[in-house]
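Here are some notes for a colleague who is opening this structure for the first time. Please read them alongside the sequence and the coordinates.

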Amino acid sequence: GHQGAACRAAVRMQAAMVKLNEQWSLEDLPEVKFRAGINTARVLVGNYGCEYRVNYTALGDGVNLASRLETSNKVFGTVVMVSESTVDGAALEFNFRKLGRILVPGKQQIVTVHELLFEKYEPVVDPLAPRSESPDTRVLYNWQYVPRELVLRAVNSY
């Protein structure tokens, strides 16, 4: 579903950022950090504005929460923070670590937040692999399969 697609995009953006930082360090360029907040909610999406100035954007409380989750990563030292509604729709594809319940700025309701760990079964294809190669020969980046029980044991002992 959409939740899984959002998590896959975040994993691939993180993988791309790692590769780009490796390349940039060879050129003495500064490291760029990546963070994301993912929330699942009904929002308004489209072109907004007037005939002189139009902007394609998403509006609504769900968008604001995703933005707050992204900035909350700083506090938790995480890279990708997701809401409970996203976990509910992506739990079969991904592993998550429950971080706790937080009150985000601008909201009166406490929100349960999780850290996106990694995909369960599907290898992540290196997003920077040359596109001329067939999908079967592209380099796999950070592929791993870890049984859910081991992940839960590791997270609970942390």
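1. Contact here means heavy atoms within 4.5 Å. On that basis, residues 24 or more positions apart account for 57% of the contacts in the protein with a separation of 6 or more. This is a predicted model, in which local features need pLDDT of at least 70 and side-chain atom pairs count only at pLDDT 80 or more, while totals for chains, interfaces and linings use all residues. Residues are numbered from 1 along each chain as its sequence is written, and side-chain values use heavy atoms, with hydrogens and water left out.

2. The protein has 4 helices and 8 strands, where helices (H or I, at least four residues) and strands (E, at least two) are DSSP runs numbered from the N terminus. Read from that terminus on, the order of the elements is α-β-β-β-α-β-α-β-β-β-β-α. Of the 158 residues in the protein, 33% are buried; buried means under 20% relative accessible area, exposed over 50%, and partly exposed in between, with a 1.4 Å probe and protein chains only.

3. Strands β2 (residues 44–49) and β3 (residues 54–59) pair in the antiparallel sense over 6 bridges, pairing being counted if DSSP finds at least two bridges between two strands. A hairpin of 4 residues joins β2 to β3, and the bridge partner of Asn47 in β3 is Tyr56.

4. A nonpolar core is a set of buried Ala, Val, Leu, Ile, Met, Phe, Trp, Tyr and Cys residues joined through side-chain atoms within 4.5 Å. The largest one has 14 residues, of which Cys7, Ile38, Val80, Val82, Phe94, Phe96 and Leu116 touch the most other members. Two or more residues of this core come from each of α1, β1, β4 (80–83), α3 (84–90) and β5 (94–102), and α1 gives the most, with 4 residues. A second, separate core of 8 residues includes Met81, Leu99, Ile102 and Val113. Apart from neighbours within four places in sequence, Val82 is in contact with Ile38, Leu69, Val87, Phe96, Thr112, Val113 and His114.

5. The largest pocket holds about 340 Å³ of space. A pocket is found on a 1 Å grid over the protein atoms alone, as an open set of points where a 1.4 Å probe fits, with protein on both sides within 12 Å along at least five of seven lines; lining residues have an atom within 4 Å of a point. The lining includes His2, Gln3, Ile38, Asn39, Thr40 and Val63, and the elements that give two or more residues to this lining are α1 (2–26), β1 (36–38) and α2 (61–76). By class, the lining residues divide into 6 nonpolar, 6 polar and no charged.

6. Setting aside neighbours within four places in sequence, Gln3 is in contact with Thr40, Ser85, Thr86, Gly89 and Ala90.

7. Ser67 and Asn39 are 28 residues apart in sequence and 8.8 Å apart in space, C-alpha to C-alpha.

Note on methods. Grid points are joined across faces, edges and corners, and a volume is the space filled by probe spheres set on the points. Ala, Val, Leu, Ile, Met, Phe, Trp, Tyr, Cys and Pro count as nonpolar, Asp, Glu, Lys and Arg as charged, and the others, Gly among them, as polar.
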